[in-house]
Protein chains: 2
Amino acid sequence: MKKTNLFFILIFTTNFLFAEDGYRLWPRYDKISNTALLNKYKTAVVNPFVLGESATIQVLKQELTNALSGLSGMNVVCNNSTISAAPLIFGIASNPGFIKNFSDKINLTEIIGDGYAINSVNIQGKKRIIVAAKTDIGLLYGAFRFLSHLQTHQSIETLNIVTSPLLKLRMLNHWDNLDRTVERGYAGFSLWDWHKLPVYIDNRYLDYARANASIGINAVALTNVNANATVLTKPYLEKVKALANVFRPYGIKVFLTARFSAPVEIGRLKTADPLDDAVQNWWNDKAKEIYSLIPDFGGFVVKANSEGQPGPQNYNRNHADGANMMAGAVAPYNGIIIWRAFVYSNENPEDRHMQAYKEFIALDGKFKSNVMVQVKNGAIDFQPREPFHPLFGAMPKTPLMMEFQITQEYLGQATNLVYLAPLFKECLESDTYAKGKGSTVSKIIDGSIHPYSLTGMTGVANIGNDINWCGHPFAQSNWYALGRLAWNHKLSSEQIADEWLRMTYSNNESFLNAASKMMMQSREITVQYSTPIGLHHLMNTGHHYGPAPWVSNLSRPEWNPVYYHKADSIGIGFNRTATGSNALGQYFPETRKLWEDQNTCEEKNLLWFHHVSWNYKMKNGKTLWDELCYQYYTGAERVKNMQQVWNGLKEFMDTERFEQIKMLLQIQYNEAIWWRNACLLYFQTFSKLPIPAKYEQPDITLEYYKSLRFPYAPGN
Amino acid sequence: MKKTNLFFILIFTTNFLFAEDGYRLWPRYDKISNTALLNKYKTAVVNPFVLGESATIQVLKQELTNALSGLSGMNVVCNNSTISAAPLIFGIASNPGFIKNFSDKINLTEIIGDGYAINSVNIQGKKRIIVAAKTDIGLLYGAFRFLSHLQTHQSIETLNIVTSPLLKLRMLNHWDNLDRTVERGYAGFSLWDWHKLPVYIDNRYLDYARANASIGINAVALTNVNANATVLTKPYLEKVKALANVFRPYGIKVFLTARFSAPVEIGRLKTADPLDDAVQNWWNDKAKEIYSLIPDFGGFVVKANSEGQPGPQNYNRNHADGANMMAGAVAPYNGIIIWRAFVYSNENPEDRHMQAYKEFIALDGKFKSNVMVQVKNGAIDFQPREPFHPLFGAMPKTPLMMEFQITQEYLGQATNLVYLAPLFKECLESDTYAKGKGSTVSKIIDGSIHPYSLTGMTGVANIGNDINWCGHPFAQSNWYALGRLAWNHKLSSEQIADEWLRMTYSNNESFLNAASKMMMQSREITVQYSTPIGLHHLMNTGHHYGPAPWVSNLSRPEWNPVYYHKADSIGIGFNRTATGSNALGQYFPETRKLWEDQNTCEEKNLLWFHHVSWNYKMKNGKTLWDELCYQYYTGAERVKNMQQVWNGLKEFMDTERFEQIKMLLQIQYNEAIWWRNACLLYFQTFSKLPIPAKYEQPDITLEYYKSLRFPYAPGN
């Protein structure tokens, strides 16, 4: 009785007093058990001195005393009197006390914006640690960083850190609806309890802000890009104001999604034409109203003329007309407009891959200076692997904001362990060749190739009201990774995984070696069992849960998986070369050339750009069909391997999280088999080739897989 | 800046390490701080001896060691060797070890079913506490009861307790949909994460089962009475099985709601006619399938021919035909059918109050022996105050199950502090006069008036996935009260409040005096500011949030508030006497007589049964209009008083819960003012009388209140 066993494992190991429920994320401050280390830390952190008085500084002090008390086991309180004796000092450069005592000892010239420095210095023969910044928020970031050094058991003997954010806007986009459903949300429902706002302030709002500040996230769009104008009405703006008040001390600005047709829907105008004066005035008044409530309101995120959303094209205007009209409304208050480039049309027979580029490229230079264009990492839609979007590098006069998806819409949703930093990094390190070799996507978005005055990265959030925030305990690492990379895209995936694992689970090296390796492989494994060799968009309809490569009957051609894989008796893949859709023509010549030639195109992208015959010889000598079988089988097998690795890590953590992840890995394995069998059995109807005999043959029919229905799958 | 202050209160008092988030409900086992008491307990609880080995006994042991370790601060483990030395022993009567050692010392004859006894005995000069039962589940109940004695700081010197449940079925009805929305749910979304079941077992399922077992709840219907046939399909039954496996050791049976038309919807039959053999066979097969997965499956809860749900009347059959057909299917497995009497028809012009009685009274004696008819406490729908349902006492041959609503659909939902035990008790203690004076509703449902072979009480659950389970911290008390009253309806509301407050908050007498008084008044206060003097069904449409007595345009006449209050230039109220609808004719003569005469009818029920002129003289000499004003104003004023009382209780608890409740009381006050103003301004349009000058006059217009819209109010 397998179930019964699991039941008893859970029952007999849960500490009912304080269960480890995953709520605490990575800012957790349990007492350090390594005594030698603890003693070193204790002398360094006793009675820290914090200069300043602002709301942010108060938040910093509270975090510091809680954290240091927890980590050290002492009752740490902030020292308010004797700066000269304190071994640990926090202050911003303009603070008189800081100037008096330390301005000659710390070089702050390298700090930019909300950056910070952490230095070990010797003053009058006494070792001291000084955390310094130019802004209060920078100091808060420095405090979190200092704490993470203790959490991750780093030496604090010779600290010499200076770091500043490489991107100005480090953001989360919540696709949360006002009824608390979350589009592509797999961790319960929306955090925002709109009904009880503005009076009731859920403690989670605070802990959400803390977690964000700890990784440098400084902006959040609260609402779904498929927007609802109701959020712009007075009662809802009062609720938004209450959230903004909570987030402000943590340096987080609030954005809202703006429904383009709001002037009609809630403003009683007859049109939303961006060139109509009444429309411009309506948005001007609306901005004025919002800023009177929320003086530091960030601005609007807009999805327009995309997947049924209204937009300027409804009035024969273009995206720049729409964006600039809104930009005018928020400009007096230093607000910005983030206009999404995720557009494609069912009336346009052209390869969906090419449509956003075509719509936007002509508008470069036409946007007002407070407009950013937000571009998804790839041209289709957050696939497990996707070549970088051709717009990166192609719009020198338009600040492009990176849009990644943290919520795993196409990567196993909340039941699969998939660490996304390698996916993010793969895109960021891709070379656009916009200004010759080395013009990576990261250098595009951080403004070092084209001098963008606005820079940013956003992640579509994976956060819901599940107690552990993200559904899968490991999904927390993707929230963490997005924040860390938005701050510094040069960080390696390994380092980010290591930090997160240490803070969230354990500093034990055996644990770290195994768990980190598992994380680092996980995305590639998911690609293998779902969409290997450049396949894409094979998922089921609507909820996008599980495989359905056979779907061909949806009203819009580009919603059907068959549109993308184009399997036939000859072979499989989407020819995007000059002999096909010529989507490759949108890339710079070096990139185009690399991908256009089947011999130079990396095999991981092969079927993305080429229709390849079933018996095409891969570099390893296998036929394409055999390689496809190899990838699907290997991917599933590697999930089984992850299960075995995980089972060996029981000793390193609480039973609750260990068992949760164990159960989730079982689901992942079941789903990997499902993907493998369903895809291979279906593609086999074209290839007419056998699955190599060495593999365990599917024992379930294609018809069975086709018959599966999930009417209540989440996130739809 | 009020908001900012609140923010800082929250920030600077939250212990980020382990916040008091309300998750632990009442089975919380923090160390007892009263040293004298602690020392007494310590000697009594060290190394308890538990006889038995079943899954339930293992659960008992785990709860016991966790609880006693927590409460005592010692590391308590169960003694497995020396029963003769143990000061605390748990065993069931049939256990050989129990027979050998204690059968002559404990009298178990008074224990019935899953009851238990707790006795302090002297054996060979040594004081010992023996918890005994006839069943493992009874022993688990006894263990929880023993623990509650420690939690509530009772003396355990001279224990002499014997108690057995007065009702066999002690149940929760979850109105949870498969998409995790909850009809009339105000605490987030459904606990049941159907998508991840059956593989992923959320820890909450265990804690839910623990909480239920601790108060004797032994049955749960997982799904909404507005049923979805999909839950009866194979994939969902596997999920239900997983939940049943978790609940089984805690003595909890699982029920499902059965959609009457399921044979058509998922069985591909052309009819769901209960007298059709194919239909009977389909249900027989379905029952067989379910019981093969869940051998102790409880049975089906059915809402049929009510508010649009399909039922036997679609085929010109009656409720007994439908119920008996299903009862036949589950009878071989000892399953039961719980058939709801909540029916009314928009084609029937008769007073809605009378329709259920009329439909069911003729069927008394027609139901199979494994059918219960589930009757709401009142004839309309869970109003803040409602006279008991005329069916109680009127069906001597049909076991009637009590249906209360724990979720506060009409009592402020999850933002108002309303303790419901007084409402439950008011109904239970009402005299039906079915067999002369003293034939209370409680004696009807417990089978002491009519010899029912099945007895039970259910509560429509107020549980969701909010971290604190019920939205409002005090709403937990209503879950607790339902369980306690289902076990023993003779318990007083005061005692239940006292137990719950002590376990959940504090044993401090000052705290208890104030908080208990607040709870005990709270339901009456809500009646005063929403539906005083027998008014009912004045709420807004659909979501039922807030007042809308003016609504008159809904398609079904009995959905409109005007149908119920019948305010006109003469007066207000529903004449249900012989000169009106004669709903009173359905009650036994003594009751009818009491309520039919305006002079003997309690004023709290006056407008429920009578249309009364605006200048009718109340017993206190006020006119009806002035009394109405007095009630509404007093109710709102008393909420302000609750706020003041609460503010004085800060010292007795953690800041998190204190502040949460403080914010919620502010919402409650705002809503009380809203109810007061909206109702009085509206009724004033009929009475044409002034609100007495001594009261602060409404500063908001009736038109404003009428204009309010809440498109995303929860639970709809």
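Helix H9 of chain B covers residues 277-293, in a model that is predicted. At 1.5 Å a residue, its 17 residues should span 24 Å, and the end C-alpha atoms are 24 Å apart, which agrees. The expected span is 1.5 Å times one less than the number of residues. Helices are DSSP runs of H or I with at least four residues, strands are runs of E with at least two, and both are numbered from the N terminus.

Several residues of H9(B) are buried, among them Val279(B), Trp282(B), Trp283(B), Lys286(B) and Ile290(B). Buried means under 20% relative accessible area, exposed over 50%, and partly exposed in between, for a 1.4 Å probe and protein chains only. Seen down the helix axis, the buried residues of H9(B) fall within an arc of 160°, so they line one face. The arc is taken from the directions from the helix axis to the C-beta atoms. An α-helix has 3.6 residues a turn, so residues three or four places apart point the same way. The face turned away from the buried side carries exposed Asp277(B), Asp285(B), Lys288(B) and Ser292(B). The cover over the buried residues includes H7 (234-247), H8 (262-265), strand S9 (299-302) and H10 (319-330) of chain B. Contact means heavy atoms within 4.5 Å. At the N-terminal end, Asp276(B) caps H9(B), with a side-chain oxygen 2.8 Å from the backbone nitrogen of Ala278(B).

A helix pair was also examined. H3 (residues 55-72) and H5 (residues 136-151) of chain B pack at about 10°, with axes 9 Å apart. Axes are lines fitted to C-alpha atoms, for helices over the stretch in contact, and angles between N-to-C directions run from 0 to 180 degrees. H3(B) and H5(B) are therefore roughly parallel, a term for angles under 35 degrees. The residues that meet include Leu60(B) and Leu64(B) in H3(B), and Leu140(B) and Phe144(B) in H5(B).

Backbone exceptions follow. Most residues other than glycine have a negative phi, and most peptide bonds are trans. A cis bond joins Leu197(A) and Pro198(A), with omega about 0°. The bond from Leu197(B) to Pro198(B) is cis, with omega near 5°. Arg268(B) is not a glycine, yet has a positive phi of about 60°. Arg268(B) is exposed, at 78% relative accessible area. Ile533(B) has a positive phi of about 55°, but is buried at 6%.

Residues are numbered from 1 along each chain as written, while chains are lettered from A and ligands numbered from 1 in written order. Local features need pLDDT of at least 70, side-chain atom pairs count only at pLDDT 80 or more, totals for chains, interfaces and linings use all residues, and side-chain values use heavy atoms, leaving out hydrogens and water.

Notes: A polar contact is a pair of N or O atoms within 3.5 Å; within protein, one must be able to donate a hydrogen and the other to accept it, and residues adjacent in sequence count only if both atoms are side-chain atoms. Angles under 35 degrees count as roughly parallel, over 145 as roughly antiparallel, 65 to 115 as roughly perpendicular and the rest as oblique.
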